[in-house]
Amino acid sequence: MTGVRSVDAVVVGAGLSGLYQLHRLRGLGLTTRVLEAADGVGGTWYWNRYPGARCDVESMSYSYSFSPELEQEWTWSEKYATQPEILRYVEHVADRFDLRRDITFGTRVTSAVYDERSRRWQVDTDTGESVDTQYLIMATGCLSVSKAPEIPGADRFAGSIHHTGHWPHEGVDFTGLRVGVIGTGSSGIQSIPIIAAQAADLTVFQRTPNFSMPAGNRPLTDAEVAERKADYRAWRAAQRTSHSGIPRPLATRSALEVSDAERTAAYQAGWERGDLVSIIGAYTDTLLDKASNDLAAEFVRGKIRAAVRDPELAETLSPRSFPYGTKRPCLDSGYYETFNEPHVHLVDLHRTPLAEITERGVRTSDREYAFDTIVFATGFDAMTGALTAVDIRGRGGVSLREKWGEGPRTYLGLAVAGFPNLFTITGPSSPSVLSNMIVSIEQHVDWVTDCIAHLREQGLTEVEATVEAEDEWVAHVEEAGNATLYPTADSWYMGANVPGKPRVFLAYVGGVGVYRERCDAVAADGYAGFRLAR
Ligand code: FAD
Ligand code: NAP
């Protein structure tokens, strides 16, 4: 469709964030248009269809809480649901709340320009459709712009190349093939055992080994589903006030205060529970104190040595260059054991770096490897990539890309000074990727919706973060991050995975409960730190 249409709100993205934002804005009576590059809903769960893709936050917690009816109707089948099941859930939500009629699919937003006189955004797309809107809400995702390995030659490879972050809908059959996988983050670690089970020969190219633990995935029993459903409201309330959106008893002691036997037992219990925070959260200082962290890291390295028969291979798979948990830990199903298979090989890129993709396969500094198929499990331009991919221009024509040239600057991760009536869902400097994201998504969407409701009730037309509030928030986020071990790792949390990206800690470590209190206090104080205009 071409031509300009006028609405109250444009939401960019139809993942978990965009869908809930649409639902809430409809509730306020706003005319809303969602623009989505994909041909369907789901965001992450639409694009990441690689084998083994699942959530790593338990399904019964990684789901919307806004509708008690939805929560009762839907029944998750496994502890950690697969991508197809999560996509079915998101599609069910879209249908149940009749969301699709306000979504334009197959349409990528290319630019958004704020007109100071009309106080409206003009949003342009790659299909020629333009939309004129008062509010612009970027629900574009923290992990939605995939990145390839930074080596030449992908276009000359004679076989097929697939990125985990935009996997073919029809799937990929690896049976009998020679396969190369580049990348050992969560996507690589989830997919490698399954690819290995099909492939004739699998070579994994590892730059940095990661800490992973068995997910302990299994079907949920009727009894546990019933128990959680009976108590869902209380559980949701606990999620909202917790640190990570995953309620658990808080640790009270340092790992350095307890005996070796007690500590090992605590780590072992965490290992057997198989969740992202079970070892990190065993002691108060895992992410604060290197000596404490070393104990957790060594526990996991011991598990790697126990799982991998060849001691040299086990050492190559053992992370030593960053503290445990400062790169997102992974949950797996048989990852380390896969390397005991005779047809699975590991290439340590620290010893022999990648050089290029050739017609036949991959060349490192010492030799060429021939493949039928190559998988890039090389991650994303996280947190800022989807926002700076759009040419967003605020007051005075200033571009967001330029403003963020030395790293993102936001107020609360929700708004940007100089960019009125623009909101970012789980934007940089909010807890976002350090949390169970759906908890953070719902909190942001609710806050944005309440803010817009307030503006309308008061007859206000413009809301904009002040530079002072933004500066104060950026400084607070940096200070909080610097009190932890996170900045010591070359992680995507630090922008370190994308060459040339400024090294800035991209999320807020304060925790979702504390952060929610801060956002609520800002609203209760008449949107302190925002300039509201009539
Ligand atoms: P997304 O799901 O990324 O959706 C953003 C949408 O915006 C996409 O559909 C994209 O196409 C669209 N878009 C972007 N730019 C434009 C544009 N310019 N124009 C039009 N459309 C655009 N988090 C957890 O908490 N627990 C998990 O277990 C978990 N597992 C994950 C597994 C994988 C493989 C990945 C990649 C991420 C995972 N995450 C997980 C994080 C996950 O991204 C969030 O939980 C959540 O799904 C994000 O929803 P969203 O709607 O904010 O963003
Ligand atoms: P990632 O964690 O960034 O991992 C990318 C991998 O590719 C890393 O091993 C990286 O090495 C490697 N790599 C990147 N560029 C390279 C290059 N040029 N040469 C060689 N190696 C290169 O990406 P991801 O695995 O897609 O995961 C991203 C995030 O998405 C996760 O942290 C998580 O938040 C989410 N996710 C969750 C799940 C889940 O379990 N539910 C699954 C997938 C993703 P370096 O470490 O050296 O950079």
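Which polar backbone atom is 2.7 Å from an oxygen atom of ligand 1? That atom belongs to M437. This is a predicted model, in which local features need pLDDT of at least 70, side-chain atom pairs count only at pLDDT 80 or more, and totals for chains, interfaces and linings use all residues; side-chain values use heavy atoms, with hydrogens and water left out. Residues are numbered from 1 along each chain as its sequence is written, while chains are lettered from A and ligands numbered from 1 in the order in which they are written.

**Ligand 1**

- Ligand 1 has 32 residues around it, and S17, E36, T44, D56 and Y62 come nearest; a residue belongs to such a shell if one of its heavy atoms lies within 4 Å of the molecule.
- Polar contacts here are pairs of N or O atoms within 3.5 Å; within protein, one atom must be able to donate a hydrogen and the other to accept it, and residues adjacent in sequence count only if both atoms are side-chain atoms.
- A polar backbone atom of D56 lies 2.6 Å from an oxygen atom of ligand 1, and a polar backbone atom of A37 lies 3.1 Å from a nitrogen atom of the ligand.
- On its own, ligand 1 exposes 980 Å², of which the protein buries 95%; accessible areas come from the Shrake-Rupley method with a 1.4 Å probe, and for residues only the protein chains shown count as cover.
- At least two shell residues come from each of α1 (16–28), α2 (44–47) and α14 (437–457), and α2 gives the most, with three residues.
- Helices (H or I, at least four residues) and strands (E, at least two) are DSSP runs, numbered from the N terminus.
- By class, the shell around ligand 1 holds 17 nonpolar, 12 polar and three charged residues; Ala, Val, Leu, Ile, Met, Phe, Trp, Tyr, Cys and Pro count as nonpolar, Asp, Glu, Lys and Arg as charged, and the others, Gly among them, as polar.

**Ligand 2**

- Ligand 2 is surrounded by 25 residues, the closest being R54, E150, S187, T208 and K327.
- The shell around ligand 2 divides into nine nonpolar, nine polar and seven charged residues.
- Helix α5 (residues 186–198) gives the most to this shell, with three residues.
- A nitrogen atom of ligand 2 lies 2.7 Å from a polar side-chain atom of E150.
- Oxygen atoms of ligand 2 lie 2.9 Å from a side-chain N or O atom of Q190 and 3.0 Å from a polar side-chain atom of W492.
- Taken alone, ligand 2 exposes 900 Å², and the protein buries 91% of that.

**Aromatic pairs and charges over rings**

- The whole structure has 31 aromatic pairs; rings of Phe, Tyr and Trp (its six-membered ring) pair if their centres lie within 6.5 Å, and planes under 30 degrees apart count as stacked, over 60 as edge-to-face and the rest as tilted.
- One of the pairs is W76 with Y89, which is tilted, at 4.8 Å centre to centre with 45° between the planes.
- This pair links distant parts of the chain, 13 residues apart: W76 is in the loop between α3 (68–73) and α4 (83–96), and Y89 is in helix α4.
- Both W76 and Y89 are buried, where buried means under 20% relative accessible area, exposed over 50% and partly exposed in between (1.4 Å probe, protein chains only).
- Y335 and F339 form an edge-to-face pair, 5.2 Å centre to centre with 80° between the planes.
- Y335 is buried, at 2% relative accessible area, and F339 is buried as well, at 3%.
- One aromatic cluster is made up of Y20, Y64, F66, W74, W76, Y89 and F97.
- The charged end of R49 sits over the ring of Y46, 4.8 Å from its centre; this requires NZ of Lys or CZ of Arg within 6 Å of the ring centre and within 35 degrees of the ring normal.
- R367 lies over the face of Y369, 3.8 Å from the ring centre.

**Loop residues**

- R119, in the loop between β4 (109–115) and β5 (120–125), is not a glycine but has a positive phi near 55°.
- R119 is partly exposed, at 24% relative accessibility.
- Y527, in the loop between α16 (512–524) and β20 (530–533), also has a positive phi, of about 65°, without being a glycine.
- Y527 is buried, with a relative accessible area of 5%.
- L143 is in the loop between β6 (129–138) and β7 (160–163) and is partly exposed, at 25% relative accessible area.
- The C-alpha atoms of L143 and V433 are separated by 8.9 Å, although the residues are 290 apart along the chain.
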